[in-house]
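Subject: Handover of a structure

Dear colleague,

Please find below the structure that I am passing on to you.

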Amino acid sequence: MAEKILFLTGHLAEPRLKAVLEGMKPEFEWRVEDIGVKVAALMTEDIIMRRLEDARGADKILLPGRCRGDLDKLSAHYGVPVERGPDEVKDIPVFFGRARRASDMSKYDINIFAEIIDATAMSVEDILASAEDYSHRGADVIDLGCLPDTPFPHLEDTVKALKEYGYKVSVDSADPEELLRGGRAGADYLLSLDETRLHIADEVSSVPVLIPATHGDMDSLRRAMAVLDEKGLPYLADPVLDPINFGFMTSLERYAQLRRERPDVDILLGTGNLTELTEADTTGITATLIGIASELNIKNVLVVQVSPHTRRTYEEHDAARRLMFASGADGELPKGYTDELLGLHAKRPFPLTPEEIAENAAAVRDKNFRIDVAEDGVHIYNRDGHHVAEDIFEFFPRLDLEGDAGHAFYLAAELAKAEIAWRLGKRYAQDEPLDWGVAADKPSEDRTRLKEAGHTLAIKKKREES
């Protein structure tokens with residue numbers, strides 16, 4: 001028996017919602033009910049419960065994405081699940097397409113080693129603070145970077161402190177003595193050992209990361225692996241990734257060849273030589289590298305964040321590993337799972353056509369300005385007119401805002417945001433922040449209640465009351 005879904009909406013969206021559902025020809029039965037508000041953002045749980053007596057025989061009630069309300073409270077009241085759908089009506093087909101193959105985006109199988117490159121120059125307290133930050137952003141192992149010819153007298157204290165707080169720790173040094181000290185203090189991993197330093201693996205219980213004795217010498221890496229295999233000791237192998245135009249493709253071939261030869265071996269891939277040494281937005285670079293790791297069954301990546309343009313690299317690696325795990329588990333392309341790695345552009349930037357915006361504008365009977373973005377530019381409209389422009393400064397002589405500084409300030413901020421969205425091809429929604437994916441933190445919000453009045457409106461009301 002087909003599932004019955006009740007869609008709640010407002011005046012303006014009702015015709016479009018019905019048209020979208022009719023065009024979908026969905027497997028479920030549907031009914032649309034206008035709850036009696038103009039726009040979904042004004043819909044609250046109190047309004048819904050006052051105006052909707054029952055679930056109308058539905059198995060599920062779907063609210064617009066911007067509707068404010070306590071879903072648990074509504075579900076208990078109507079006796080059926082109440083869920084939020086997408087923010088935009090045109091995204092409903094995609095919403096139901098995703099729901100049919102919903103994946104658990106909490107899962108991943110790649111460990112992130114987060115390198116603190118200047119640990120030798122930091123206090124134990126500062127290192128602990130960095131570890132907490134990196135862990136919060138996705139790190140699984142805290143890597144202590146030791147600088148050449150720089151003493152690290154507090155190495156043991158640092159390793160022990162990190163372990164006491166429950167972190168996994170690696171020590172990254174070219175000095176065999178520092179590696180020994182770190183291993184004896186309890187480090188989980190040592191970066192890096194070649195065939196000339198394998199005695200360290202006999203003296204500590206840390207898992208070593210093996211590298212070629214000289215750059216690109218895969219035979220030396222194979223010999224080091226064979227020695228530890230013979231002893232039954234665990235290790236990670238790292239053929240070392242090179243920067244673009246300095247052997248990048250050859251280094252990728254080394255990883256692929258190692259995987260073909262040894263499908264059983266644990267491999268580590270250092271991504272910093274691409275993210276740090278390529279002046280391009282790192283989101284796509286990271287997604288590609290983690291995709292390569294996924295295909296080659298590489299379970300460990302060493303991540304570095306030094307350059308300002310890589311400031312969100314941990315978040316990017318975390319999002320990418322979850323995406324690639326879900327994609328691989330489903331046997332699907334890495335599409336349609338998450339927008340977290342789409343920072344600059346949206347998949348569907350303009351949910352409304354210019355004609356649909358014109359229909360909305362014609363239905364407006366008040367003086368409040370609405371702002372939308374479509375392929376032809378930024379739209380602003382109220383009962384007195386509907387204007388479209390690519391350059392928002394063209395609006396100034398048409399809006400008659402003299403004497404209303406607060407409203408002018410608000411519209412300037414919203415219109416600037418709308419123009420940015422139009423030029424980049426991003427999704428814009430009035431009074432909502434632009435979505436930059438993992439490139440920026442998202443402001444927290446309580447979706448069970450309406451937003452408080454903005455600063456300009458609150459000041460205006462205060463002046464009117466005084």
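In this predicted model, Leu 144 is in contact (heavy atoms within 4.5 Å) with Ile 116, Ala 119, Ile 127, Leu 155, Thr 158, Val 159, Leu 162, Val 169, Ser 170, Val 171 and Asp 172, leaving aside neighbours within four places in sequence. Leu 144 is also one of the residues with the most contacts inside the largest nonpolar core, together with Leu 162, Val 171 and Leu 210. That core has 69 residues. A nonpolar core is here a set of buried Ala, Val, Leu, Ile, Met, Phe, Trp, Tyr and Cys residues joined through side-chain atoms within 4.5 Å. Buried means under 20% relative accessible area, exposed means over 50%, and partly exposed lies in between (1.4 Å probe, protein chains only). In soluble globular proteins, nonpolar side chains tend to be buried together.

Two remarks on the basis of these values are in order. Residues are numbered from 1 along each chain as its sequence is written, and side-chain values use heavy atoms, with hydrogens and water left out. Because the model is predicted, local features need pLDDT of at least 70 and side-chain atom pairs count only at pLDDT 80 or more, whereas totals for chains, interfaces and linings use all residues.

The protein chain contains 17 helices and 15 strands; helices (H or I, at least four residues) and strands (E, at least two) are DSSP runs, numbered from the N terminus. Buried residues account for 47% of its 466 residues. Along the principal axes, the C-alpha atoms fill a box of roughly 80 × 60 × 40 Å.

An open sheet is formed by 8 strands in the order S10-S9-S8-S7-S6-S5-S12-S11, with parallel pairing. Strands S10 (236-237) and S11 (268-270) stand at the edges and have a single partner strand each, so one side of each is left without a neighbour in the sheet. Two strands are taken to pair if DSSP finds at least two bridges between them. Within this sheet, 3 bridges join S7 (residues 168-172) to S8 (residues 189-193), and Val 171 stands opposite Leu 190 in S8. Strand S8 also holds Ser 192, which is joined to Leu 191 by a cis peptide bond with omega of about 0°.

Helix H13 (residues 313-330) lies across strands S5 (111-116) and S12 (300-303), running at about 170° to S5. This angle is taken between N-to-C directions on a scale from 0 to 180 degrees, with axes fitted as lines to C-alpha atoms, for helices over the stretch in contact.

Elsewhere, 6 bridges join strand S1 to strand S2 (residues 29-34), and the two run parallel. Lys 4 has Glu 29 in S2 as its bridge partner. Strand S1 (residues 4-9) is mostly covered, with 5 of its 6 residues buried.

How many salt bridges does a search of the whole structure find? It finds 37, where a salt bridge is a side-chain nitrogen of Lys or Arg within 4 Å of a carboxyl oxygen of Asp or Glu. One of them joins Arg 66 and Glu 88 (2.9 Å, N to O). Arg 66 lies in the loop between S3 (60-63) and H3 (71-78) and Glu 88 in the loop between S4 (82-84) and H4 (92-100), so the pair ties together parts that are 22 residues apart in sequence. Both residues, Arg 66 and Glu 88, are buried.

A salt bridge also links Arg 223 and Glu 195 (2.9 Å, N to O). Here Arg 223 is in helix H9 (residues 218-231) and Glu 195 is in the loop between S8 and H8 (199-203), so parts that are 28 residues apart in sequence are tied together. Arg 223 is partly exposed at 42% relative accessible area, and Glu 195 is partly exposed at 30%.

Finally, two residues other than glycine have a positive phi. Lys 25, with phi of about 50°, lies in the loop between helix H1 (14-24) and S2 and is exposed at 70% relative accessibility. Asp 149, with phi near 55°, is in the loop between S6 (141-145) and H6 (155-164) and is exposed at 84%.

With kind regards
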